[in-house]
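Student: I would like to learn how to read a structure. Where do we begin?

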Amino acid sequence: MKFVIVGFGRVGMRTARILRSEGHDLVIVDNDPDKVERAREEGFTVVEGDGAEESTLEEAGIADADAVGALTGDLNTNFSACMLGKHYGLRTALRIDEDYRQEIYEKYAEDVDEIIYPERLGAAGAKTALLGGDFNVLADLTEELSVATVTIPEGSPQIGRRVVEVDLQGDAHIYAHGRADEPMEIPLPQTRIEAGDDVALMAAPADLPEIRAFLRGDEAAAA
């Protein structure tokens, strides 16, 4: 697949590295000369310019790309890049920071395919959104580590327990928790699990089936 990544800051850089390591084609867009130089030093194809401008994105190859990741720290730039991506029929992933109010989130969420919170899921979430996935099964971050989310069903033995008390096998651990349609966030010490909650975890890929079964209370799957 081919991607246009707008922004080569912390999130954009990590997302680009992951995508390239998996064999995808991508072009970086940034208007900061230092970031442009850093991207070129790492061997990326780079277009220096404003990611909110159609001419810049056209130079980056938006016309024949599969998706655009608008990952700068500027929401207006990100939204403009996504709207241009939509115009060209691309999948769009928009970065938004945690400090925006819920109504701002809802406004932008209506117009793009995925909202990315770098403070929560970072580059792994951005990569998955660009590839057309969801947060139920995120792609491997490395050969040794995967991240995934599990929805807790009615009847799970985990219901009522504090998230921080849930002990997973090996080096696996829960790093985020979400309820209903609320965004995921780091669980507080008093946060207890309810039916329908989502928990995001990190674990070795081979351990994921057993961990999912443990969290759901699915004895048949664990057997």
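Tutor: Helix α1 (residues 10–21) lies across β1, β2 (25–30) and β5 (91–95), at about 165 degrees to β2. Helices (H or I, at least four residues) and strands (E, at least two) are DSSP runs, numbered from the N terminus. Axes are lines fitted to C-alpha atoms, for helices over the stretch in contact (heavy atoms within 4.5 Å). Angles run from 0 to 180 degrees between N-to-C directions. This is a predicted model: local features need pLDDT of at least 70, side-chain atom pairs need 80 or more, and totals for chains, interfaces and linings use all residues. Residues are numbered from 1 along each chain as its sequence is written, and side-chain values use heavy atoms, without hydrogens and water.

Student: Which strands does helix α4 lie across?

Tutor: Helix α4 (residues 75–87) lies across β1, β4 and β5, running at about 175 degrees to β5.

Student: What is the strand order in the open sheet?

Tutor: Two strands pair if DSSP finds at least two bridges between them. Here 6 strands run β3-β2-β1-β4-β5-β6, with parallel pairing. The edge strands, β3 (45–48) and β6 (114–116), each pair on one side only. From one strand to the next, the twist averages 20 degrees.

Student: How many bridges join β1 and β4?

Tutor: Strand β1 (residues 2–6) and strand β4 (residues 67–70) pair over 4 bridges, in the parallel sense. Isoleucine 5 stands opposite glycine 69 in β4.

Student: Where is confidence lowest, and where highest?

Tutor: pLDDT is the predictor's confidence in each residue, from 0 to 100. Where it is low, the predicted coordinates should not be read in detail. Helix α8 (residues 219–222) is lowest, at a mean of 46, and β3 is highest, at 98. The protein averages 82.
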